[in-house]
Amino acid sequence: MNPEQESFTGRTRKRTTRPVVHLIDSLAKSVITIGGIGTIVAVSTVALFLVVVIWPLFKGAEVSDASCYKSPWPGGVEPVQVGIDEYQVLGWALLPGGRVITFDASSGKVITARSLAEKGDATITAVSVPPAGPEMVLGMSDGSVRLARLQFKTSFMEVEDVPEELAELKIGEKSRLGEGIAEVTPLGQFRVQKLEISVEKPSGVSMDSAIVAAGHTVSDRDVVFAMLGKNGKLRVVRSEKRENMLTGKESLVPVKTMDLPLPPGEGLPRWVRVSELGVHVFAVWESGRALRFNMRDVKEARVAEELDLTPEGDARLTALHFMIGETTLISGDSTGTVRAWFPFRNMDNVVDGWGTAMAHRFRTGRKSAVTSLASSPRSRIFACGFADGSTGLYFMTSEKRLALLDTEARQPVVSLAVAPKDNGLVAASKAGLCRYDFDPGHPEATFRSLFLKIWYEGYDGATWKWQSSSGFKGYEMKLSLIPLILGTIKATIYSLLLGAPLALLAAIFSSELLDPKVRARVKPTIELMASLPSVVLGFVAALVFAPIVQHALPSTLMAFFTIPFAILAGAYVWQALPRKFTLRMDRLRLLFILPVIALGSGMALLLGPVVESVFFAGNTLEWLSDPAVGSPLGAWALLLLPLSALAVAIVISRTIGSWMRSAGAGWPRGKYALLDAAKFLGGAVGAVVLALVIGSLLSAMGFDPRTPWALGGVALSPIGTYVQRNALVVGFVMGFLIIPIIYTISEDALSAVPDHLRSASLGAGATRWQTAVRIVVPTAMSGLFSALMIGLGRAVGETMVVLMAAGNTPVLEMNVFNGFRTLSANIATELPEAVRDSTHYRTLFLAALTLFAMTFVINTAAELVRLRFRKKALEL
Amino acid sequence: MTQEPRPLRSDGDASTGDGAGPGTRPKRRKRRAALAAYGEPMVWLTGGALIICLVMILGLLGLILWQGSITFWPHAVTRVVTHDGRQMMGEVTRDEKFEPGEDWDQKLDDMPAAAATEARKAVESGSKLHRDLIRVGNFELTNKHFVWIEEYSVKEQNLPQWAVVVERLEWGRFYGMPEACAYVHPVEAGRVAARRGESREVCRREARAEAEREAAGLKLSPGAALEYVVERREGGENVPHLVRPGEVKPEDLVVGLAETWRGREAAWKCFDSRHSSARALWHKRRGLEKVDVGKVNAIIEHARLSLKEVELDEKPPAAWLNVYGLLKRARETEANAVAEANERLRLVTERYGKGSEQARAAARQVEETSRTFKAETGKFSRKLAKVERAFGRPSDRYLRAQKETESTEARARGDFRKIMAEIAALDGQMEQYRLEMSTVDGHTKLMGLADVVRAYPANQLGFFGKVGVYFSRWYEFLLDAPREANSEGGVWPAIIGTVTMTLIMSIAVVPFGVLAALYLREYAKAGAVVSTVRIAINNLAGVPSIVFGVFGLGFFCYLVGGYIDGGPRNIGVAPWPPLYWWLALIAAVIIAVGAFFAGMMGRTRPGTEVTPAKKMLRTGSVVLWLVMTAVALLLVVYAPHFHGLYRAELADNNPTLGTDGLLWASLTLALLTAPVVIVATEEALAAVPNSMREGSYACGASKWQTIKRIVLPRAMPGIMTGMVLAIARGAGEVAPLMLVGAEKLAPALPVDGQFPFVHLDRTFMHLGFHIYDLGFQSPNAEAAKPMVFSTTLLLIAIVATLNVAAVWLRKRLRRKFASSQF
């Protein structure tokens, strides 16, 4: 400061501040600012990071390399089928004449050429290619059939066997070696990739005319052939694999041959397809018309179903292919539309109890005709070639378009193959061959598959399903978050139903009616609950409460009614006691409530077995699980009792209550109290009777709460089959978690209501109860609301209790006696096993973000309301 | 704020009015329907809710306290004889009533007549049936830990005087009667003969001859008898037995001479006096195994990793390494085989004399072995030469490093052999102490004293004896490692893990939390931004802990840890080319210098006016600093020269920090608890009256001086309260730990005597996770259940202590304020 400056005291300051103080001051400022902002930023990166991890889920496939070259086969020839090995070094192509050529996948140079048909053999007229596996079926012009195996064989060469000319090869380099291609792996091994071809003529599988279409399926035990002859005959042959005991060679023996009737005068079908294990046979015409034959346990083959695979417009079917698993057919038509179809259980079909559904319809992004289809041998990715030379890559379950690849040569793509590791694609056209390297990304997860209903293969309708892992082949991940979100909501609802009333009522009592000295002890005790580690509660819930509740279910249920009844009854008795006594004992009221509650629990214990034997056929658990046992009356009565009690209470307070208030003004206290008690007892009996009457009416009408009323696939009935670890137990124990939070915050809110309001009310002659209900609670309403919201937020995210006590089955049920799986428990169980950066891993991060968003929204709402309340309370 | 429930006037009025009747005081205003206005039923309902809450919490605490503390109390051991002749002995753990099931009639038919009569009587009397769960132990004999015994099937039940409960290192508990206690002198002849390659028959004969010779010269201790320890084939295993000299069967292999004390009392007395010395040997052995062997292993591991480091730099051909590994293994096999053959030759020569036929055969065999294995080794050498021709040799630096590593390994192996010899000697000493027990169903079992953790004659214990066992179990529980899939033993590693993690978490969270609160309350300008940040932080306190766990796993473990382990490439980031990176570094430095000077020039002396130019300079400085921070961050992420600190481990597919562990668990919990600390600290700071700050400024103190001397001391108790609350929350949190580092059985403690003493990369055990694991993943759930209660009690005790500390601090804070208000 300027020393010349005059101060108002007339004295000037002589001392200056040492520079060190300035330095430390600014240092402290920067450290605190940087540290503070850094901490805040670090804390808020949580959500940001989750988004970063989730982001790739919604991206498409990434095509890293595309190379096109002149076809290894003579120009103008359209290959029937192409293939590529898992390392993408060797490819093959089947040419119309029956020649198979292998070529170097990186340059397109031909390596070998060989004919599948022997000299003097008939020519190939039909080919059936499976979605996975090496066996192809060739239909010949003489009506016979060949089973050709085109199998890549990987072998490793010992260093000493490597020929001189390859010894110079460095790691990662490739070179042609004989009939195959050798590559040096990162470990320094020589890996040789070859195509092995074998052709077999299965005995007993033939037609008497040239075969124009063929289909087949191969299982561990048998091969099923379907052949369409030029003469219009459709024949299905099942051949079993038999091993020759002496030579160990496997041969096919026909065990069943069946000719299927085709309707006359429609021309020949273009495709014949056999589904997995030979259950269904499809014959499909180019017009889109399709017939399905069921081959299982049928003595006489009949048309089981007739379908139209081009339901819209007059498009013609141009391509048909099976997905892996040979259950789902994908069809492409001349307008560029691709659809997926599969059989499902459908009792409406009287012929065989199956129906074929169009489960998916793809937005391909192209309008020109579909010329070829190929499915991945490991996942539900398929590729689709169009007449304009482009190729699309799609994922079946989620209907996601992964990539759309264009080539310069606008020739129709006639054959496609997806590499076995889902990381490459070969597309062949008249002009040449294109090879693409791609990373499919995360095709299973889309908004649709995460949040909307999807019709999965093997299910009888669209549904929400979470099933992230399973053992069998061709399995698809089911990643719907809806069952988990529903589980979270279920946990929240049931724990709030139990915890919120208790906590709010307790807060009102302790803030407004409790002796401050007692309150000073009671409040920390309840807050102590908040510090209980939730793992403790989870353990107690699952290992202590769950068996007890299961053991004494009727009594537990009765306790929900008898305890409030006992407390109310106690209050009416208290009213009837002499005023001298109650006034003196006012502070000890809590101590009187304690035995009353014990009395209520005792009543529940006694009533439980009675109710069980009267209403629940003597065994509640059995009664719950089987709607055929007993009548639904008891459940209706219990479910309706709260409602009927409410109705009776309203009616009574409107009629007798108001009469008593006016007429009873002059009555002595004792008389009034007795009448009041009589009114209460009458009301209680009335409520029970009303519930029973409505219940018996409903059960007479045939309604049963045990049969779930589904709404959009969610079973809404609050009761049903009993499972030991269930929502009731969780709700009860989660109450422990949310009661202290709701209690503390609402107690604070109630206490923050300024005292002058209370004084004014009391001064105007209101009782303390009237003051509490009409003045304090309305003033503190927003505070109470925010307390509820914060309790809700806590319940939404709780992990350990639900993990341990909720059974963890992702079901779509509101049944209080069944378990559930919440978002949080799901993350805790599955994330440790999820492969880093896999779809599953990222989906679990999405679950975490969903949880984050849910609690963040709830908490922000609560916080804003609380701040408003605070301001209001200050203004008052 | 006081709410003294003074008797309200209206109350008094009403009472006198009602009680004395309206007639006595006619002047008073009549009150209408006073009773309804009191809302007594609703008051009772609210009170009832409060009572239910209190009963719930106290009931739960009481349950855990009761169950947790009775776990270790020793119970009497009951012997039960059933009607169908089964005999069993054990502790009754719990009982239950049950309903006769659907196949009850079938069961009745299958029962022995006496049991069926009892059962019918029980059912007819209308009561439910009753059964006890008995812990029978002896798992290796019965394959059961627990047995349900229905009351009706019991024929006889008593408490045998000499029933002894043995808690063992393996197989769980043993219930039986002591038969004999033995001090064994080993007889090695049989084993030596076996090593010489003799037939079983010869081994047995030689062992017996040796035993008889030694027995003749053995001086027995007073009161002891001479017996043999023999190994007998039983169920495919060699089971040791104690037999009298005359009872040795020809097929037994004598392995020792025993001085035995037979008879329950004598055996027990002998056991009692020798148990502690046997256990001392066992503890010594465990020390050797854990500490010394661990040290040697660490040396070998370190040598291997440093070689790997060189390997990553020099990149020797993978094929060469492959074949070299095979060659090395072949050489080791050769050396072992030849050594074994030589040892045999030595033994044979010793027994049969030089030049005997057996010795010549053994010598031939040595040659044979050596030839066979040499040929094998040669094959790999030739292959290596071929690989060298095809792919080239590794660099000299690599070969040198390899040689060095191999010599270190060889030296360490020598040490290792020494330790193993010491352990073997201890094993031999431990085997000298034996106890023979018999079970009620007629088996005998010879066990080593060192394998017995604790044994007591349950039915003879007086009250103080029981108290002794009780506390000795608590001692073991608190200070020992777990055994038997965590269902026995102690939780010491879990305690250490919990405490270490909580400490590191506090070290991380407290300074930063306080800094953030100081910034928000003292430095940041109050406005919309700050209040938004405040709301957001408040909200973060309510975000589910599992979300923080997910974040910790993805961000700390995989991203940060992956970066530290293996540099940018390991987290999927392609680093910048070195040139660009250095240019960017220079740019960052220039920006930083610019920002610094802009900041300096933008400073104004207090009291002078802030010109627009200076204001611009200040803003510019802030922007530059921000840019610099961003660039610095990018520089770190895209660093081309950083290949990670633990890339050797990473190359072994064994990430060090790039996986879950103590550090990341602590940091995750620190992040989780940061909002709690920030909110509490802010509230404490806000509670310091502004008048005190203003007074300080008026005295000429600077802002930092005011904060340091006036604000922080006043706020300190509040900050401490928040801190303790946060720590309590962190200590009890389990869900995030399941993702970032807690393990059911960690291989090593996170803190030990080896450098760097606190191992941040290790996984650890945690009390909360231990509860989850014991209660839900334990193979022997029934035996684990009591342990869960004790662990729960321990965890609650820790958390409650922390909370009580917080409450106490809060009280102190209030008192301090009461006196320090101006």
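**Close-up 1. A salt-bridge network in chain B.** B:R135, B:E167, B:R454, B:R473, B:E476, B:R483 and B:E488 are linked in a network of salt bridges. Here a salt bridge is a side-chain nitrogen of Lys or Arg within 4 Å of a carboxyl oxygen of Asp or Glu. Side chains of opposite charge can pair when their charged atoms come close. Over all chains, the structure holds 84 salt bridges. A quick note before moving on: this is a predicted model, where local features need pLDDT of at least 70 and side-chain atom pairs count only at pLDDT 80 or more, while totals for chains, interfaces and linings use all residues. Residues are numbered from 1 along each chain as its sequence is written, chains are lettered from A and ligands numbered from 1 in the order in which they are written, and side-chain values use heavy atoms, with hydrogens and water left out.

**Close-up 2. B:R351 meets B:E206.** The side chains of these two, B:R351 and B:E206, form a salt bridge at 3.0 Å, N to O. B:R351 sits in helix α10 (residues 318-352) of chain B and B:E206 in helix α8 (residues 200-217) of chain B, so the pair ties together parts that are 145 residues apart in sequence. (Helices are DSSP runs of H or I with at least four residues, strands are runs of E with at least two, and both are numbered from the N terminus.) B:R351 is partly exposed at 42% relative accessibility, whereas B:E206 is buried at 16%. Buried means under 20% relative accessible area, exposed over 50%, and partly exposed in between (1.4 Å probe, protein chains only).

**Close-up 3. A:K523 and A:E747 in chain A.** In this salt bridge, the closest N and O atoms are 3.6 Å apart. A:K523 belongs to helix α4 (residues 516-530) of chain A and A:E747 to helix α12 (residues 727-751) of chain A, so the pair ties together parts 224 residues apart in sequence. Both A:K523 and A:E747 are buried.

**Close-up 4. A:D837 with A:R842.** Another salt bridge joins A:D837 to A:R842, with the closest N and O atoms 3.7 Å apart. A:D837 is partly exposed, at 36% relative accessible area, while A:R842 is buried, at 11%.

**Close-up 5. A:V540 inside chain A.** Look for A:V540 in helix α5 (residues 534-551) of chain A. A:V540 counts as buried, with 0% relative accessibility. A:V540 and A:M804 are 264 residues apart in sequence, yet 9.3 Å apart in space, C-alpha to C-alpha.
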